[in-house]
Amino acid sequence: MSNSEVLEREAQMLLDADAAGGLKKWGLYTRLSGPGWLQGAITLGGGSLAGALYLGVIMGYNLMWLQPLAMILGVVMLSAISYVTLSTGLRPFQSIKTHVSPALAWGWLIATMAANIVWCLPQFALGTAAIKQNLVPAINNDTGTIIASVTLLVVAMIVVWFYNSGNWGIKLFEIILKAMVGTVVLCFFGVVIAMTLAGALPWGQIFSGLIPDPTSLFKPAASLQASIEATGQGADYWRNLITTTQKDKIITAFATAVGINMTFLLPYSMLRKGWRVSHRGLAIFDLSIGLIVPFVLATSCVVIAAASQFHASAVDVLELAESDDPAAQSTKEVGVFYKLLDGRLQDQHGQQWAIISGDADQLLQARATADPADREMAAMLTERDNLSLAKTLDPLFSTGIAQWMFG
């Protein structure tokens, strides 16, 4: 059966399902969905997961509302783009260039290409770290970096070949994609269930965190107030730093929910599948089930897991910072911890800081003799890396399996 015959048959099935309604309609929509899952896989990248992790670290359960709201707004925009694309059947770039503005069309294209470069490079770095640190720790060396990079390149080339090989390749790619996105969601969902059964989650606070609270832009979480006040003269410094960081993270969460590269990819992926006017209802359903549901479930579960284990907690970071193990001292957490602590010390010592920071011995002495309350505050605000995020799966799996599943 040719592609045109397949699409005609699919269009008729959609019309019949729309007329029948109920389970038949939603079952067919689920089976035919695809581009929305591609968007879901894109947005469940390093930015979203790291952002969700740090939201839990710095704000606990208070920003549970943030990422669902960001994604809902993004899906409204993408639904409008898909509706126009499927109604006209025209390639978006050509349509905007002809009917709106050539400058806008080229600006959109160039910005998308730039965003893809900026977005893809951290994904390769994250993928390399996942292979070396989570999946195969034995190759966590320079040779392993080459192996991981070549592996990612080969996999990327195979994926592109699948997507360009026609209808069967796209279907196979989408099946694998759905399985991978589903695994991400199920893992973190399972963690939340395991922690709930263990009585470790305050569901009252979690549900209250789903109510939008714009005051998060202007003040730290209540659970950090006592630790902030304990720093004495440093309280204003930490309060301002936390407020600024929260603003940055809120903006980042909205930015990483839906990017400009997604606005360009979605309409082309729909046209590539041969979707037309009859697929408009399916397109909106596809975005909802493939983008909103996995994203909201995964990021919400990551926030919950991170908040329960890392929020207002300094123990894990201080143990690394105070360890004599060179491997512990070289971790990302220790680097971020000292950066935060040095910021407070600079605020405290003023003009003398240039002299202190320029001398290695004086710098080590200043760090070691810093107020314990400042050290604790810096540790609380330290952003954890992918190894720490993998540990949030520990309630569901043993440590070794948790690292492998996360990778």
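This is a predicted model: local features need pLDDT of at least 70, side-chain atom pairs count only at pLDDT 80 or more; totals for chains, interfaces and linings use all residues.
Colleague: How are helix 2 and helix 14 oriented to each other?
Modeller: Helices here are DSSP runs (H or I, at least four residues), numbered from the N terminus. Helix 2 (residues 22–32) and helix 14 (residues 280–310) have axes 9 Å apart, at an angle of about 70°; axes are lines fitted to C-alpha atoms over the stretch in contact, and angles run from 0 to 180 degrees between N-to-C directions. Angles of 65 to 115 degrees count as roughly perpendicular, under 35 as roughly parallel, over 145 as roughly antiparallel and the rest as oblique. Helix 2 and helix 14 are therefore roughly perpendicular.

Colleague: Which residues of helix 14 meet helix 2?
Modeller: Contact means heavy atoms within 4.5 Å. From helix 2, Trp-26, Tyr-29, Thr-30 and Leu-32 take part. Their partners in helix 14 are Gly-281, Leu-282 and Phe-285.

Colleague: How are helix 7 and helix 8 oriented to each other?
Modeller: Helix 7 (residues 102–135) and helix 8 (residues 142–164) pack with axes 9 Å apart. Their angle is about 120°. The two helices are therefore oblique.

Colleague: Which residues does Met-377 touch, not counting residues up to four places away in sequence?
Modeller: With that exclusion, the list includes Leu-224, Ser-227 and Ile-228. Met-377 also touches Thr-231, Trp-238 and Ile-242.

Technical notes
Residues are numbered from 1 along each chain as its sequence is written. Side-chain values use heavy atoms; hydrogens and water are left out.
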